[in-house]
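Q: Could you walk me through this model one feature at a time? I'd like to see how you read it.

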Amino acid sequence: MKIAFIGLGIMGKPMAMNLLKAGHALRVFDRNTAVLEEMAAAGATVCASSAETAEGVDVVMTMLPNSPHVKSVMLENDKLAEKMPKDAVFIDCSSINPDASREIAAKLAEYGIEMLDAPVSGGQPKAVDGTLAFMVGGKKEVFDKYADVLKAMGSSVVYCGNIGAGNVTKLCNQIVVAVNIAAVSEALMLGKKAGVDPELIYQAIRGGLAGSTVMDAKAPMIMDRNFKPGFRIDLHIKDLNNVMDAAKTCDSPIPLTNQVFEMMKILHADGCGADDHSAIAKVYEKMANTEITRG
Ligand code: NAD
């Protein structure tokens, strides 16, 4: 297929590379021009603007930070929707507010364009490996038609319901990840303070009920003092803000998420917003005046 891809950051670049590897023709744009040379070398057609990517494509795909960026590209500043062929589909892989997905889909419907919201989980390593988990909302027949495009970038592609359901599912994912990182940090700090090597605790519990993909990804980073993103604290704050909105709208309780949200806001205020979200451990380290190092 001929695919327009906008947003070639930590996630978007490896995803676009996997689409190229699968044999799709790509027209790409990012306002950070540094990445465009690399995409051209890999065989993508580099465009001078978002709007220009739309020419003659079957699919427009975005991997942008948040709702305002997607609205800006599709409807407001770049008005990509006006340039899309009428039989093309819009697939937004960004993690955005589910209400914004519904709003954008309603506007696109005025142009006769179908949309899927298809956010992902798995982070940069799985984006590189092509083993992301996609959670998808939209019409089932549209999902069935384009699921194979997503399978070029992911090992799990699950249909979750009508438009917006992909991003509701992603918010649920972000609750589990945030609370899990905090629990891992809390546990390893207790071990350290009680005189047991955090590495040995990790090795002992990772194969049991407490083990998780989050623990395997983040416990080594915490003990290595490696907070290079990965997934930035500021992006997770963005997701938890969207969780707050969604929970208020449907009156769902989120006591644990509220606590971790406050920790992330402390990190942002301390200048750690660009750290990986494993930096939640730093809040515990500040409280305990102790680093979660091995030994
Ligand atoms: P990123 O900041 O690395 O990439 C975003 C890219 O969008 C940047 O290259 C930026 O230049 C570009 N951009 C922003 N506005 C633009 C515009 N108007 N026109 C063209 N390009 C524009 O972010 P990321 O980590 O790749 O995350 C992207 C999305 O994926 C976010 O919604 C994030 O929550 C989600 N996500 C990230 C991860 C992760 O581990 N990083 C995992 C799952 C989901």
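Q: Let's start with the ligand. Which backbone atom lies 3.0 Å from an oxygen atom of the ligand?
A: This is a predicted model, so keep that in mind throughout. For polar contacts, we look for pairs of N or O atoms within 3.5 Å. Here a backbone N or O atom of Ser95 sits 3.0 Å from a ligand oxygen. Gly230 also takes part through its backbone: one of its polar backbone atoms is 3.2 Å from a nitrogen atom of the ligand. Lys238 uses its side chain instead, with a polar atom 2.8 Å from a ligand oxygen. As for cover, the ligand exposes 840 Å² when taken alone, and the protein buries 91% of that.

Q: And what makes up the shell around the ligand?
A: Sort the residues by class, then see where they come from. The shell has 12 nonpolar, nine polar and five charged residues. Of these 26 residues, the nearest are Ile10, Met11, Asp30, Pro65 and Lys238. Helices H4 (67-76), H7 (123-129) and H12 (233-250) each contribute at least two residues to the shell.

Q: Gly230 came up there. Where does Gly230 lie, and what kind of peptide bond joins Pro229 to it?
A: Some background: most peptide bonds are trans, and most residues other than glycine have a negative phi. The bond between Pro229 and Gly230 is cis, with omega at about 15 degrees. Gly230 lies in the loop between H11 and H12.

Q: What do the buried residues of H11 pack against?
A: List the buried positions, then look for their partners. In H11 the buried residues are Val214, Met215, Lys218, Ala219, Met221, Ile222 and Met223. They pack against H9, H10 (198-205) and H14 (280-288).

Q: Is Phe90 buried or exposed?
A: Relative accessible area settles that, with buried meaning under 20%. Phe90 has 0%, so it is buried. Phe90 belongs to strand E5 (residues 89-92). Its contacts beyond four places in sequence include Val60, Val70, Met74, Ile104 and Leu116. Leu116 is 26 residues away along the chain, yet the C-alpha atoms of Phe90 and Leu116 are 6.4 Å apart.

Q: Last one: where is Ser50 found, and which residues does it touch?
A: Ser50 is in helix H3 (residues 50-53). With a relative accessible area of 3%, Ser50 is buried. Leaving out residues up to four places away in sequence, Ser50 touches Ile6, Phe29, Val73, Asp78 and Leu80.

How values were computed: Residues are numbered from 1 along each chain as its sequence is written. This is a predicted model: local features need pLDDT of at least 70, side-chain atom pairs count only at pLDDT 80 or more; totals for chains, interfaces and linings use all residues. Side-chain values use heavy atoms; hydrogens and water are left out. A residue is near a molecule or strand if one of its heavy atoms lies within 4 Å of it. A polar contact is a pair of N or O atoms within 3.5 Å; within protein, one must be able to donate a hydrogen and the other to accept it, and residues adjacent in sequence count only if both atoms are side-chain atoms. Accessible areas come from the Shrake-Rupley method with a 1.4 Å probe; for residues, only the protein chains shown count as cover. Helices (H or I, at least four residues) and strands (E, at least two) are DSSP runs, numbered from the N terminus. Ala, Val, Leu, Ile, Met, Phe, Trp, Tyr, Cys and Pro count as nonpolar, Asp, Glu, Lys and Arg as charged, and the others, Gly among them, as polar. Buried means under 20% relative accessible area, exposed over 50%, partly exposed in between (1.4 Å probe, protein chains only). Contact means heavy atoms within 4.5 Å.
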